[in-house]
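Dear colleague,

Please find the structure below, followed by a short account of what was found in it. I would ask you to keep the model open while you read.

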Amino acid sequence: MDYRIIFPHLHLYLRHVPKSIHVFGFEIALYGIVIATGMVLATLLVMAVARRTGQTPDDYLNLAILGIIISVICARLYYVAFSWDLYKDHPLSILNIRQGGLAIYGGVIGAVFSAWLYARIKKLNMRLVFDTAVLGLVLGQIIGRWGNFFNREAFGGYTDGLLAMRLPVSAVRASDISSALAEHMLTIDGIQYIQVHPTFLYESLWNLALLILLLLWTRHKKFNGEVFCLYLVGYGIGRAWIEGLRTDQLLIPGTSLAVSQVLSVILAALGVLLLLIGRRVHRRQKTAGTQS
């Protein structure tokens with residue numbers, strides 16, 4: 001397998017980007033290392049925000065432990081549910097996540113459910129918990145997407161734009177090579193390449209901008225839950241656009257619709273609706289407080 005990854009228009013030539021490393025004879029996937037790093041840094045960020053806002057950091061450490069377990073399970077179930085043909089004849093392979101197959105949207109759903117569940121159990125302000133925990137969720141997504149870079153997956157169709165990325169055909173799954181990519185295949189020094197949209201990079205950068213916005217907005221929010229609603233809108237819009245570029249979309253059974261794209265649109269619309277409702281309630285409460 002050829003381990004090169006090239007960004008030709010940026011003049012960036014990475015000649016050896018492995019998918020895994022060996023430590024004391026054990027093979028460790030870099031995807032897993034990236035995900036674990038994202039989880040740790042996300043937890044540290046959320047605990048710092050909790051400390052700054054007068055909450056108990058240990059609550060968020062406990063939430064992170066619960067959330068990581070549930071999110072991994074949900075990420076796997078989401079992928080399996082929309083890739084059932086791969087597992088229906090070998091159901092035990094569902095348990096083998098070392099072969100890949102974790103959907104980030106499933107992880108997001110698991111994280112949100114974990115925050116709801118933990119807030120209920122501990123009798124915490126649920127909307128405040130959502131506002132705080134979502135900052136860590138975004139950071140985890142920013143870092144986690146780089147696991148796709150090492151795995152040479154979750155890329156888009158052909159492009160010759162500034163950020164175009166070239167991958168050796170031998171390093172990617174054949175099922176991810178669309179007809180358009182095959183038509184634009186390049187052969188350089190005897191090696192075949194596809195040239196793609198680096199959608200992992202698009203989403204990572206989009207989420208970085210979103211995280212900065214949410215961190216700034218935290219200091220000026222009008223009501224608890226507002227930061228989480230902004231996340232739904234911001235992430236939903238970005239993911240709907242980026243998902244449309246990808247060649248490995250998970251489709252709603254019996255349709256040509258990408259399930260993550262449909263879900264993104266729904267969540268963005270829900271976020272807008274909740275923002276409008278929250279702002280209206282806040283204005284009414286403020287007016288009532290002034291009159292009294």
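**The hairpin and its surface**

His22 stands opposite Glu27 in strand E4. Please note at the outset that the model is a predicted one. Strands E3 and E4 run antiparallel and are joined by four bridges. Together they form a hairpin with two residues between the strands. In the turn, Phe24 has a positive phi of about 50°.

At least two of its residues come from strand E3 (20–23), and at least two from strand E4 (26–29). Is Ile21 buried or exposed, or does it fall in between? Its relative accessibility is 32%, so Ile21 counts as partly exposed.

**Salt bridges**

How many salt bridges does the structure hold? There are ten.

One of them joins Asp131 to Lys221, with the closest N and O atoms 2.8 Å apart. Asp131 belongs to helix H4 (residues 126–144), while Lys221 sits in the loop between helix H7 (199–218) and helix H8 (226–243); the pair therefore ties together parts that are 90 residues apart in sequence. Lys221, at 22% relative accessibility, counts as partly exposed.

A second salt bridge is formed by Arg239 and Glu203, whose closest N and O atoms are 3.9 Å apart. This pair links distant parts of the chain, since Arg239 is in helix H8 and Glu203 is in helix H7, 36 residues away. Arg239 counts as buried at 4% relative accessibility, and Glu203 counts as buried at 2%.

A further salt bridge is made by the side chains of Arg246 and Asp248, at 2.9 Å from N to O. Both Arg246 and Asp248 are buried.

Which residues are linked in a network of salt bridges? The network consists of Arg145, Glu203, Arg239, Glu243, Arg246 and Asp248.

Thr199 is placed in helix H7. With a relative accessible area of 1%, Thr199 is buried. Leaving aside residues up to four places away in sequence, Thr199 touches Ala154, Phe155, Gly156, Ile242, Leu245 and Arg246. Arg246 in this list is also a member of the salt-bridge network described above.

Tyr202 is likewise found in helix H7. At 15% relative accessibility, Tyr202 counts as buried. With residues up to four places away in sequence again left out, Tyr202 touches Leu163, His197, Trp241, Ile242 and Leu245.

Finally, where does Tyr202 stand in relation to Gly32? Their C-alpha atoms are separated by 21 Å, and the two residues are 170 residues apart along the chain.

Yours sincerely

How values were computed
Residues numbered from 1 in each chain as written. Predicted model: local features only at pLDDT ≥ 70, side-chain atom pairs only at ≥ 80, totals over all residues. Heavy atoms only, no water. Buried < 20%, exposed > 50% of the residue type's maximum accessible area, 1.4 Å probe, protein only. Salt bridge = Lys/Arg side-chain N within 4 Å of Asp/Glu carboxyl O. Contact = heavy atoms within 4.5 Å. Pairing = 2+ DSSP bridges.
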